[in-house]
Amino acid sequence: MADVEQNAAGNGSDAVNGTAGRFVSSAEGTALAYGSLLLMALLPIFFGALKSVGCSKSKSASDMPETITSRDAARFPIIASCTLFGLYLFFKIFSQEYINLLLSMYFFVLGILALSHTMSPFMCRVFPANVPNKQYQLLFTQGSGESKEEIVNYEFDTKDLICLGISSVVGVWYVLKKHWIANNLFGLAFALNGVELLHLNNVSTGCILLGGLFVYDVFWVFGTNVMVTVAKSFEAPIKLVFPQDLLEKGLDARNFAMLGLGDIVIPGIFIALLLRFDVSLKKNTRTYFYTSFLAYIFGLGLTIFVMHTFKHAQPALLYLVPACVGFPVLLALFKGELTEMFSTPSI
């Protein structure tokens, strides 16, 4: 789901004449970029998985998870392929500038909402007790009298407004400057919310989803130039980026390594499922969660190593799927809990 890529210079624009004139990153800068991408990938998976446990028990409408069934999982690679190829054709036919302008406004709204939702628990902790926290309600109805129907009924408070204001500032910064830090703030918020709110209904569904996207990722990266072209052309916070020339050029660095959010969220929701499976066992251990989490680190580290060695964009799910599925399944087989793992529904 997107790929791990290096040397995406200037928001995806290549240097003139291939590599001629391209800045060559130092070994320290490259190591810093890869290490930072790895850390940024781990944060939403770890905290999103922890929040998914509470989310599954929440009665709040805004925190209710979206459950992915086996039928959804089987369809997803097909839908993703159609969407990806459609974007590729759009970028080939229409002006990239106008497409990215529309996408920027769309992700501006989504990013503000996602970042605001992410900041909300932190704001609850730091909000001064002596400041009144007023309650508000946004209500839209249709019709009148007994036929009146609620369209929107959203309750919020002063803390939510503050989060929305801060998130809006980040959104304006992103739209105007396309700065990589603003991109990453939105990207991390999307990833965290995805891992928290997207729930697989059981391990079998997770295997179907990851297996299908394994084929999808390998085909579109190795079989065509579609994935890499869209990733470089798509100016939206659907990937995490980190400059390899940060040490030389500071915050104005432009030579980016990138990691698609799909390579975080898709394995992340499977890892979160295994955490909820651990909870359902009621053994006060998190064996499957930590095993899959360490497997993700191994898989992503292997992806970066292969990409750096062969100097070619890599489909991260090629390495992440066997690691994140294989290690927990082998552990369950060893512990005699394989049948229970595949038959237990998600909590």
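## Helix 6 and helix 11

Helix 6 (residues 203–223) packs against helix 11 (residues 317–335) at an angle of about 160°, with the axes 9 Å apart. Axes here are lines fitted to C-alpha atoms, for helices over the stretch in contact, and angles run from 0 to 180 degrees between N-to-C directions. Helices (H or I, at least four residues) are DSSP runs, numbered from the N terminus. Helix 6 and helix 11 are therefore roughly antiparallel to each other; angles under 35 degrees count as roughly parallel, over 145 as roughly antiparallel, 65 to 115 as roughly perpendicular and the rest as oblique. The crossing of this pair is left-handed, a term used if the near helix is turned anticlockwise from the far one by less than a right angle, with right-handed used if clockwise.

On the helix 6 side the contact consists of C207, L210, L213, F214, D217, V218 and F222, and on the helix 11 side of L317, L318, V321, P322 and V325. By class, the contact of helix 6 with helix 11 has eleven nonpolar residues, one charged residue and no polar ones. Contact means heavy atoms within 4.5 Å. Ala, Val, Leu, Ile, Met, Phe, Trp, Tyr, Cys and Pro count as nonpolar, Asp, Glu, Lys and Arg as charged, and the others, Gly among them, as polar.

## Model and numbering

This is a predicted model, in which local features need pLDDT of at least 70 and side-chain atom pairs count only at pLDDT 80 or more, while totals for chains, interfaces and linings use all residues. Residues are numbered from 1 along each chain as its sequence is written, and side-chain values use heavy atoms, with hydrogens and water left out.

## W220 and S81

W220 belongs to helix 6, and S81 to helix 2 (residues 70–93). W220 counts as buried at 10% relative accessibility, and S81 counts as buried at 18%. Buried means under 20% relative accessible area, exposed over 50% and partly exposed in between (1.4 Å probe, protein chains only).

W220 and S81 are 139 residues apart along the chain, and their C-alpha atoms are separated by 8.3 Å. The side chains of S81 and W220 make a polar contact at 3.0 Å. A polar contact is a pair of N or O atoms within 3.5 Å; within protein, one must be able to donate a hydrogen and the other to accept it, and residues adjacent in sequence count only if both atoms are side-chain atoms. Not counting residues up to four places away in sequence, S81 touches Y216 and W220. With neighbours within four places set aside, W220 is in contact with S81, L84, F85, V226 and M227.

## Helix 2 and helix 7

Helix 2 and helix 7 pack at an angle of about 65°, with 9 Å between their axes, and the crossing is left-handed. From helix 2, L84, F85, L87, Y88 and F91 meet V226, M227, T229, V230 and S233 in helix 7. By class, this contact has eight nonpolar, two polar and no charged residues.

V230 lies in helix 7 (residues 226–233) and counts as buried, at 5% relative accessibility. V230 and L84 are 146 residues apart in sequence, and their C-alpha atoms are 7.6 Å apart in space. Leaving aside neighbours within four places in sequence, V230 is in contact with L84, L87, Y88 and F91.

## Helix 4 and helix 5

The axes of helix 4 (residues 158–177) and helix 5 (residues 180–197) come within 9 Å and cross at roughly 130°. The two helices are therefore oblique to each other, and their crossing is left-handed.

S167, V170, G171, W173 and Y174 in helix 4 meet I181, A182, N183, L185 and F186 in helix 5. By class, the contact of helix 4 with helix 5 has seven nonpolar, three polar and no charged residues.

## Positive phi in a loop

Most residues other than glycine have a negative phi. K282 has a positive phi, near 55°, and N284 has a positive phi near 60°.

K282 is in the loop between helix 9 (262–281) and helix 10 (287–310). N284 is also placed in the loop between helix 9 and helix 10. K282 counts as exposed at 76% relative accessibility, and N284 is exposed with a relative accessible area of 74%.
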